[in-house]
Amino acid sequence: MENKYDVIIIGSGIGGLTAASILSQVAKKKVLVLERHFKLGGFTHTFKRLGKFEWDVGIHYIGDLAEGSMLRTLFDSITRKGVKWNKMQEPFEVFDYPGFSFPVYGKKEKFVSDLKLKFPSESEAIDRYFRDVETFTQWFGRHFTLKALPSVFEKAAKFLNLNHIPTPYITTKEYMDTHIQDENLRALLCSQWGDYGLPPATSSFAIHSMIVAHYFNGGYFPIGGSSKIVESIEPIVEENGGSLKILHTVKEILLEGDKAVGVKVEVQKGKTFSEQEFFADVIVSDAGAYTTYNKLLPKQYSSSFQKPLETLSTQGTTSITLYIGFKESPTKLGFHGENHWIFPDVNHDASYAKRNDLAKGNPPMMYLSFPSLKNPEAEGHTAEAISFADYSLFAKWKDEPWKKRGEEYSQLKETITEGMLSFLEERFPGFRDLIEFTELSTPITTEFFTGHKEGSIYGLSCTPERFKQEWLGVRTTIKNLYITGADACSPGVAGALMGGVAASSVVLGLTGTLRLMKELFQKSQETS
């Protein structure tokens, strides 16, 4: 019985952790979570250097976490209020462009009025834009909800034309070019494209709308760091005999006919590897749709949608992160914890086209975040600088061992690091003088630890085409096998969490969503 569970979850990202907590609490399931990394949490884990500098690898900020919000209630429920949230100071973001910058405050009305003040001739277009953002966000909510229900509901909705939007599958650029005349305004409105990983020409306006609306009430950060999430959920899973295991890499989903019954796992202990099998009535994959279908299952189960699966897993870009430790607080330079989106060009697609110049030390754009200024419990002063480039720049070293990839790879990282620091120093004079420590992470490191194709941090690409795929959602072509996380909903922590909620409700049955909400909200009130 040691290898028999009620539910097996592949991956301990927020989608997997959410499903594990819900199924443990609501259905009293014995849940096994299998993680390939030596740390739990997926993109919600943290790491330290020099004993004092700590960084969150995936959480930089989360929106919509005010007391009483749906997302806050869900977080409080799955962690039993084990995570406390710090609201970021205002402005919580700044969009930096050549010759001008634009601060963003956590109040939608101020965002609107500040835009109108800067672009008075576009006042009507700005009002329409915010109405459309709300409309597309509502469309996405319906689209996602229908995906979590049996397919007959989705087909009925299409037949009855319940989408309410004539053209939901447009790009962000198509919307902007049609409705916004001023190129600087177009640029400002698209400044957060790094949150979903695609520039305006290829990104879905629906996902753009979701991200924009998500931050209407500002940004939040977990006090004590994002590792508090898994620390809160692990004991909940263990209450029913469940377990979370590190260094357990799932190699295959075991089938009986067209039904999932278990997993085959490579277990690492020190330098020794062995195989083990675990069995359960339900398997939930937080490994992403591409990995699930193309690495863990025979391809016959995805033959009808193999082309879009391949296309959606290779579009878009990958991120490069420079982790920075400071000798002194960055408040010395006037920072208060706000994010900076820094662009050398108002044409985002033109900047994106130059992304591989990063390898020559010329970043195409940059996102700058200060974890230590958002987290009141931080010991050391830290920042994270993120830019974009293609996986192909690093691919030739992907099979080399972590931290032992040779001199040429190290030299490339040094060139990129120097370019990113020069970029920041030019915009914030004195930035370099504060630095004590730097470490650069590339997509092959992300791929090594997560198993995600080409080190993607966003899941399948958020193009309009993604949201046309009927096969993509919580359900799979295998009985008793479900998808959670970003590919079950949308990228980002909130999207992946909602993927976990959807997967849980499907596992609980047709009435699962109502039962889930009732019990979780009740538990949330009990722990108040």
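## Strands, helix packing and backbone details

Local features here need pLDDT of at least 70, side-chain atom pairs count only at pLDDT 80 or more, and totals for chains, interfaces and linings use all residues of the predicted model. Residues are numbered from 1 along each chain as its sequence is written, and side-chain values use heavy atoms, with hydrogens and water left out. Helices (H or I, at least four residues) and strands (E, at least two) are DSSP runs, numbered from the N terminus.

**Strands and sheet**

- Strand S3 (residues 46-49) and strand S4 (residues 53-56) are joined in the antiparallel sense by 4 bridges; two strands pair if DSSP finds at least two bridges between them.
- S3 and S4 make a hairpin with 3 residues between them, and in its turn Leu 50 has a positive phi of about 55°.
- Elsewhere, 7 strands build an open sheet with mixed pairing, in the order S7-S6-S14-S15-S16-S13-S17.
- At the edges of this sheet sit strand S7 (100-104) and strand S17 (435-441), each of which pairs on one side only.
- From one strand to the next, the twist averages 15°.
- Within the sheet, strand S13 (residues 318-326) and strand S16 (residues 381-389) run antiparallel and are joined by 9 bridges.

**Helix packing: H1 with H2**

- Helix H1 (residues 14-26) packs against helix H2 (residues 70-79) at an angle of about 65°, and their axes are 9 Å apart. Axes are lines fitted to C-alpha atoms, for helices over the stretch in contact, and angles run from 0 to 180 degrees between N-to-C directions.
- H1 and H2 are therefore roughly perpendicular to each other; angles under 35 degrees count as roughly parallel, over 145 as roughly antiparallel, 65 to 115 as roughly perpendicular and the rest as oblique.
- The crossing of H1 and H2 is left-handed, a term used if the near helix is turned anticlockwise from the far one by less than a right angle, with right-handed used if clockwise.
- On the H1 side the contact (heavy atoms within 4.5 Å) uses Ile 14, Thr 18, Ser 21, Ile 22 and Gln 25, while H2 supplies Phe 75, Ser 77 and Ile 78.
- By class, the contact of H1 with H2 has 4 nonpolar, 4 polar and no charged residues. Ala, Val, Leu, Ile, Met, Phe, Trp, Tyr, Cys and Pro count as nonpolar, Asp, Glu, Lys and Arg as charged, and the others, Gly among them, as polar.

- Helix H3 (residues 108-118) and helix H4 (residues 123-147) have axes that come within 9 Å and cross at roughly 150°.
- H3 and H4 are therefore roughly antiparallel, and their crossing is right-handed.
- Lys 108, Phe 111, Val 112, Leu 115 and Lys 116 of H3 make the contact with Ser 123, Ile 126, Asp 127, Phe 130 and Glu 134 of H4.
- The contact of H3 with H4 divides into 5 nonpolar, 1 polar and 4 charged residues.
- H4 also packs with helix H6 (residues 172-179), at an angle of about 150° and with the axes 11 Å apart.
- That angle makes H4 roughly antiparallel to H6, and the crossing of H4 and H6 is right-handed.
- Ala 125, Arg 128, Tyr 129 and Asp 132 in H4 meet Tyr 175, Met 176 and His 179 in H6.
- The contact of H4 with H6 comprises 4 nonpolar, 1 polar and 2 charged residues.

**Aromatic pairs**

- The model has 39 aromatic pairs. Rings of Phe, Tyr and Trp (its six-membered ring) pair if their centres lie within 6.5 Å; planes under 30 degrees apart count as stacked, over 60 as edge-to-face and the rest as tilted.
- Tyr 293 and Phe 305 form an edge-to-face pair, because their ring centres are 5.0 Å apart and their planes are at 80°.
- This pair links distant parts of the chain, 12 residues apart: Tyr 293 lies in helix H10 (residues 289-295) and Phe 305 in the loop between H10 and helix H11 (306-314).

**Backbone details**

- Glu 90 and Pro 91 are joined by a cis peptide bond, with omega about -10°.
- Pro 91 lies in the loop between strand S5 (85-87) and strand S6 (93-97).
- Arg 80 is not a glycine, yet has a positive phi of about 50°; Arg 80 is found in the loop between H2 and S5.
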